[in-house]
Amino acid sequence: MNAKMPRGAIPTPRSEFAASEPYQTEPGAEVFSPSGAFPTPNHELAAAQPYRGGLAPESFLAWPIEIGNWEEDGEENSRWAEEAFAKACTEPKIRLSSAAVRLAARECGASNFARFMQTHGFREGNIAYLDGPFHSVNWTNTTLLNSAIANAGPVKIGIASANLASWAHGHVTAGRSGWAIHGLPPEQPQDRWASLCGYGPLGALTSLFERNGVRADIPPNMPSDLCYAMFVHGSLGIVDRQSLVNITGEAWVRNPTTIVKNPAG
């Protein structure tokens, strides 16, 4: 699908920046977006290579080998917790210690986050766990989003999290998986990173949760059609598609999610 940008006097939606083909004066020049800032500037989003997609099953769930204690309270730590979660979901599933995640955050500091993860990454013992190149994902296009989740790995999303803990139609329980939430309104500002590791009709997705030993607490009147498995606040739960679209400000997929290297080798 071709993006419909630009729109002249009307601001171009960020989802269309994510879908657009970048202009590059230097073929092959590396683009290290996202920088880790909230939100990623429009020019960085427009410069990123978009994810093009492929065939995907009707429902899918990548369950992590574990959910560690990676995230302290605070938005800044959420980008590192999401990275650790993604590596726990995707082969070869990696158990990263909290110490390794905290060390990466300190070593990266204020430098470019994506560059750090593609050149240094997490370190455990003598092994480095890096990210592959980032591709922007148009999160409003369900075909592309589902393909990215199923074929490339968890999708890193920037969200506005103001209503997650206290919403009338379900709420996120920090550190406890199995929550579900729906009916979230459009929100700003984008203030936290989260991760999408699965999708499907509500019934199929809850069954996939149960196969992994987690019973989802579904609130009344939750839509039964397409929903997503989302990691946020140290827990994994279910959000309906429209809520996801309403609170998301950017989406990225690493391809591949994990590159394993021996820095001394």
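Contact here means heavy atoms within 4.5 Å. On that basis, take the contacts in the protein chain between residues at least 6 apart in sequence: 77% of them join residues at least 24 apart. What you are looking at is a predicted model, where local features need pLDDT of at least 70, side-chain atom pairs count only at pLDDT 80 or more, and totals for chains, interfaces and linings use all residues. Residues are numbered from 1 along each chain as its sequence is written, and side-chain values use heavy atoms, with hydrogens and water left out.

Switch to cartoon for the overview. The protein chain has 8 helices and 11 strands; these are DSSP runs numbered from the N terminus, with helices being H or I of at least four residues and strands being E of at least two. Of its 265 residues, 52% are buried, meaning under 20% relative accessible area with a 1.4 Å probe, protein chains only (exposed is over 50%, partly exposed in between).

**Stop 1: the rings.** Select Phe85 and Phe231. The ring centres are 4.2 Å apart and the planes are at 5°, so this pair is stacked. (Rings of Phe, Tyr and Trp, using the six-membered ring of Trp, pair if their centres lie within 6.5 Å; planes under 30 degrees apart are stacked, over 60 edge-to-face, the rest tilted.) Phe85 belongs to helix H3 (residues 75–89) and Phe231 to strand S8 (residues 226–232), so the pair ties together parts 146 residues apart in sequence. Both Phe85 and Phe231 are buried.

Phe134 and Trp252 are both buried. For an aromatic cluster, pick Trp80, Phe113, Phe116 and Phe122. The whole structure has 9 aromatic pairs.

**Stop 2: strand S5.** Select residues 155–159. How many of the 5 residues of S5 are buried? The count is 5 of the 5, so the strand is largely enclosed by the rest of the structure. Val155, Ile157 and Ile159 are on one side, with Lys156 and Gly158 on the other. In a regular strand, side chains alternate between the two faces of the sheet.

Show the partners next. S5 pairs with S7 in the antiparallel sense over 5 bridges, and with S10 in the antiparallel sense, also over 5 bridges (pairing takes at least two DSSP bridges between two strands). Ile159 has Arg192 as its bridge partner in S7, while Gly158 has Glu250 in S10.

**Stop 3: helix H7.** Select residues 202–211. The buried residues of H7 are Leu202, Leu205, Thr206, Leu208 and Phe209. Look down the axis: they fall within an arc of 155°, so they line one face of the helix. (The arc is that of the directions from the helix axis to the C-beta atoms.) Their cover includes strand S1 (60–61), strand S7 (192–201), S8 and strand S9 (235–240).

**Stop 4: Ser147.** Finish in helix H6 (residues 142–152), where Ser147 is found. Ser147 is buried, with a relative accessible area of 0%. Leaving aside neighbours within four places in sequence, Ser147 is in contact with Tyr51, Gly53, Gly54, Ala56 and Ala152.
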